[in-house]
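I opened the model today to look up a few points of packing and pairing, and I note them below in the order in which I took them.

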Amino acid sequence: MKKFNSWSHLQTILAVVDAGSYRAAGELLGVTSSTVARHIDAISEELGHPIFVPKGNFRELTDVGKQLVSIADKTQTNLSFLMKNLENESERFGSVQISTLSFVCSDFLAQYIDTWRRDNPDAKLIIDATDRTTAVERGEADVALRLSRPDTAGISRFKVANCRVALFSPSRQSDAGWIGLSGSLDDLPEMRMAREHFGCSPAVRLESYRAIARASSSTGLPCVIPTCLARNYPDMQIIGGSRVPVTVNRELWFLFYEKRNKDPAIIAARNWIKKVFPSANKCLCGKCGG
């Protein structure tokens, strides 16, 4: 097959088609009309057929020229797609910041860092492990994983997994109160449930579920923690014999600013989280039954 050596001149042909004349095409490309003519002549000579024929003050495509323009159009379109994909790919390898609860980070996300590194070897991953609510719309994080479904305008979301939170008591139980989250989180369903059950505010308040679980295990004080976390503490048992509920069902949600729906960073984070939590209908650990 004869090698075609004038691919760099295809843009000139498309410019002539768009502009209608060598002079106008030259202005469009920022070159002289004689340069346009040389490019066209070079391709015509290489193909052995004219590309354009004069028609008054304009240029008209020959049959061979029409076929070449069709190929040039497809080439330019495919090249544009390729450049866009490469651009998006390079953007993907920036940094992604995820805000989530501390126990979600330590007990689940941390175990899948190798998966993130394998899929995104050049991307920086920053996980802000906090039990405080972070607003992605204020730019505090690219993604937030939260145990609540927000109705905030401009925030997109999808459910990641279930999370059951319950009242637990260690085998060495103390009757000197209970352990809960900080006062700023008193309106959470599990905190309301715990106050109703115990009839009082917590004797000890801590910032994270993991800290609560450790403190409960060491002090003997009952506490409120997710069942997925309690599995790591064999001495923890759900409190029984109560007339009020001792469990509440929560859901983990993936939140991001809706205008970033096609952002490579959001797509990469979403794909990773779906590998960490493959079923939205199961609990975080997949072992508690939802």
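Predicted model: local features only at pLDDT ≥ 70, side-chain atom pairs only at ≥ 80, totals over all residues.

By residue class, the contact of H1 with H3 comprises 6 nonpolar and 2 polar residues, with no charged ones.

I then looked up the geometry of this pair: H1 covers residues 10-19 and H3 covers residues 33-47, and they pack at an angle of about 115°, with their axes 9 Å apart.

Next I turned to the strands, where S1 (residues 52-55) and S2 (residues 58-61) run antiparallel and are joined by 4 bridges. I note that Phe52 stands opposite Leu61 in S2. The two strands, S1 and S2, form a hairpin with 2 residues between them, and in the turn Gly56 has a positive phi of about 65°.

Last, I checked charged pairs and found that the structure holds 10 salt bridges. I followed up one of them, between Asp107 and Arg210, in which the closest N and O atoms are 2.3 Å apart. Asp107 lies in helix H5 (residues 102-107) and Arg210 in helix H8 (residues 209-219), so I record this pair as tying together parts that are 103 residues apart in sequence.

Definitions and conventions:
Residues numbered from 1 in each chain as written. Heavy atoms only, no water. Pairing = 2+ DSSP bridges. Axes fitted to C-alpha atoms, helices over the stretch in contact; angles between N-to-C directions. Nonpolar A, V, L, I, M, F, W, Y, C, P; charged D, E, K, R; others polar. Salt bridge = Lys/Arg side-chain N within 4 Å of Asp/Glu carboxyl O.
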